[in-house]
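Let's work through a few exercises together. Have the model open and try each task before reading its solution.

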Amino acid sequence: MHILIYSYNYHPEPIGIAPLMTELAEGLVERGHQVRVITGMPNYPQREIYPGYQGKWYVTEQKNGVTVQRSYLRIKSKPNLIDRILLELSFIVTSLPQALRGKRPDVILLTVPPLMVALPAALLGRLYNCPVVLNVQDILPEAAVRVGLIRNKWMIRACEALEKFAYRNAQNISVIADGFFKNLVTKGVPAKKIVCIPNWVDVNFIRPLSKEKNSWRTAHQLDGKFVVMYSGNIALTQGLETVVAAATRLRHIKEIAFVIAGESTALAILQEYCHSCEADNVLLLPLQPREQLPQMLAAADVGLIVQKRNVISFNMPSKIPLLLASGRPIVGSVPANGTAAKAIRESGGGIIVEPESPEALAGAVLDLYNNSALAAQLSRKGRQFAVERYSFKQAIEQYEALFLNAVAKRTSIMDSALTLNSKESVVDI
């Protein structure tokens with residue numbers, strides 16, 4: 001098949017959807033497919049165009065058999081709502097010519113967010129007469145409304161209309177959690193259009209490693225410490241102030257150290273909060289290179305998943321498979337009825353505590369600090385679950401089957417339409 005992936009984020013961006021779409025594209029090439037990726041200039045999470053791509057309108061690259069076609073983005077380092085809208089609009093306008101420069105695809109995979117990209121994808125689907133498969137990573141605009149990013153009622157209605165258009169236009173929709181499936185069905189999306197394919201992890205790359213003689217631990221002066229780690233995107237849905245406040249409640253135990261790795265702007269805000277709380281047991285670090293990820297995760301004794309209490313069924317942290325695969329127990333400060341809690345609970349690899357409660361989070365960390373047998377049990381179950389449910393091999397086989405079925409269904413519909421037209425022509429004569 002000729003597969004066109006429309007993804008705002010892609011390699012070399014280190015976190016979020018970029019590594020996943022990169023692995024998917026390159027994995028499909030290894031399975032004999034031709035893959036073309038339409039994406040923007042790399043900018044995440046710093047929200048600054050990477051060196052080598054600045055000042056350019058278009059760049060086309062070949063990476064591991066994938067044709068990557070990049071386009072200009074209007075981007076601000078500290079965006080407000082208008083800036084975010086203009087960013088999405090710039091991607092729509094500049095990416096469409098790139099999408100038209102290349103061989104006709106058999107199927108288009110569109111990742112959401114951003115939501116507005118559903119517009120050019122729909123146009124391309126009609127121009128190329130091919131199915132569009134929508135991959136939903138976050139449910140918009142619900143996520144933006146819940147965290148207070150969008151408050152204007154007219155803007156909310158416009159986004160909801162765009163959301164309905166995206167679901168209606170897609171021939172199939174892949175979601176990453178069961179909670180997403182239920183969310184879409186309640187909004188009137190036919191269940192037969194939806195398939196749940198969880199985000200994956202390379203269980204050979206991310207695997208249990210000894211924390212003894214760990215170079216990452218040594219480099220950050222964490223030898224002999226019980227390390228509680230949060231690493232990844234720092235967004236409005238999380239509220240990492242809860243982690244800092246929990247750390248202050250455990251300052252009297254000198255062996256316990258908290259590590260938060262994220263993008264620099266968010267870390268600067270957290271740094272001020274750490275000073276105000278006198279949280280001198282919190283180490284703030286920039287995002288680490290991907291090649292250091294196995295050693296970094298192995299340096300932890302506990303991995304954290306943190307969400308605010310209103311994050312229920314529209315967000316699923318991609319960090320969960322990573323932590324489970326690394327063989328580290330999870331403490332999830334997340335809503336008990338949310339998608340993240342369900343994933344952690346099913347895995348058997350973690351503990352769920354009340355969200356936005358420093359006391360509950362500190363208590364769970366202390367339990368694992370004092371109970372190494374419990375920590376080992378959670379680690380073992382989590383790793384086993386990751387291998388069985390989150391392997392890349394399973395995910396790519398599911399996506400390949402989804403694409404083949406979408407193409408076959410579209411072909412069948414077209415054949416039926418041609419047969420019907422032929423019969424009508426005979427009757428007219």
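**Exercise 1: the sheet**

In E6, Val132 is the bridge partner of Ile108. This is a predicted model, where local features need pLDDT of at least 70, side-chain atom pairs count only at pLDDT 80 or more, and totals for chains, interfaces and linings use all residues. Residues are numbered from 1 along each chain as its sequence is written, and side-chain values use heavy atoms, leaving out hydrogens and water.

Step 1. (Strands are DSSP E runs of at least two residues, helices H or I runs of at least four, numbered from the N terminus; two strands pair if DSSP finds at least two bridges between them.)

**Exercise 2: a ring pair**

Task: classify the pair Tyr399 and Phe403.

Step 1. The ring centres are 6.1 Å apart and the planes are at 45°, so the pair is tilted. (Rings of Phe, Tyr and Trp, its six-membered ring, pair with centres within 6.5 Å; planes under 30 degrees apart are stacked, over 60 edge-to-face, the rest tilted.)

Step 2. Tyr399 and Phe403 are both buried (under 20% relative accessible area, 1.4 Å probe, protein chains only; exposed is over 50%, partly exposed in between).

Step 3. Together with Trp200 and Phe392, Tyr399 and Phe403 form one aromatic cluster.
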